Amino acid sequence: MHLLALTDSAFPVGTFSFSNGLETAADTGLVHDAATLEAYAREIARQAAFTDGVAALQAMRSYRRDDFDGIVGADHQAILCKMNTEARQMTCRMGKKLAELYARIATDGTVARWLDEIAAERTPGTYPAAQGIVFAASGIEERELFCSHQYGAINTVLNAALRCVRVSHYDTQRIFFRLAAEIGPLYNEAATMEYDDMNAFVPQTDILASLHEKGSKRLFMN
């Protein structure tokens, strides 16, 4: 039940406000149908797996061995993978909101301490670090954390596509089912990665973000 609640798109941390660059990709014509949407969502999922996914797993492991410095380290590594302003803004807003919400519904000393570090501007407060902490505090295992993380990355794009791209619910669900089959291999790779192995090289997303920052047409914050 905790896994379902924390993964639900209705969980109020602000995921509905973001599109992972899909809005500008659609506006420029880069994504214009189901095939291009699937290719875009696949790249977003892969990039997320080998950046935020790794940071979330490392934050969870640090929580479980009572290594607060390790959590802060994962937090900083996650923000280093965000090349554009909107991506950094997105991850920090959602991360802080997740931790604040969890602190209202459960009692956990590590979550409270992490929020203090964010307030003191000693750590950025990224979403993957928050996921690692909160999921560990909720008794959720690594594979489920990674699955939830991938679900969020993919569905942020697919849900936005229903507003920006000429696709139907049938299209987005077919895409989701195909991409879901790829999450297992991504986890197997991400679970063995260290910080030096993290890679964020999908330059199209940073170009789209730079265009979005100056754009006048927007439904989403990025």
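Guide: Glu-182 and Arg-42 form a salt bridge, their closest N and O atoms lying 2.9 Å apart; a salt bridge here is a side-chain nitrogen of Lys or Arg within 4 Å of a carboxyl oxygen of Asp or Glu. Because Glu-182 belongs to the loop between H10 and H11 while Arg-42 belongs to helix H3, the pair ties together parts that are 140 residues apart in sequence. Helices are DSSP runs (H or I, at least four residues), numbered from the N terminus. This is a predicted model, in which local features need pLDDT of at least 70 and side-chain atom pairs count only at pLDDT 80 or more, whereas totals for chains, interfaces and linings use all residues. Residues are numbered from 1 along each chain as its sequence is written, and side-chain values use heavy atoms, with hydrogens and water left out.

Both partners are partly exposed: Glu-182 has a relative accessible area of 29%, and Arg-42 has one of 27%. On this scale, buried means under 20% relative accessible area, exposed over 50%, and partly exposed in between, with a 1.4 Å probe and protein chains only. The pair also belongs to a network of salt bridges that links Glu-38, Arg-42, Arg-178 and Glu-182. In general, side chains of opposite charge can pair when their charged atoms come close.

Helix H3 itself covers residues 34–49. Its 16 residues should span 22 Å at 1.5 Å a residue, and its end C-alpha atoms are 22 Å apart, which agrees; the expected span is 1.5 Å times one less than the number of residues. At the start of H3, a side-chain oxygen of Asp-33 comes to within 3.3 Å of the backbone nitrogen of Ala-35.

The buried residues of H3 include Leu-37, Glu-38, Tyr-40, Ala-41 and Ile-44. Among the elements that cover the buried residues of H3 are helix H2 (22–27), helix H4 (52–64), helix H9 (142–164) and helix H10 (169–180).

Leu-37 and Tyr-40 are also among the residues with the most contacts inside the largest nonpolar core, which has 64 residues. Such a core is a set of buried Ala, Val, Leu, Ile, Met, Phe, Trp, Tyr and Cys residues joined through side-chain atoms within 4.5 Å. Leu-22 is another of these core residues; leaving aside neighbours within four places in sequence, Leu-22 is in contact (heavy atoms within 4.5 Å) with residues including Leu-37, Tyr-40 and Val-157.

Conventions:
Helix = DSSP H or I, 4+ residues; strand = E, 2+ residues; numbered from the N terminus. Polar contact = N/O pair within 3.5 Å; in protein donor to acceptor, adjacent residues only side chain to side chain.
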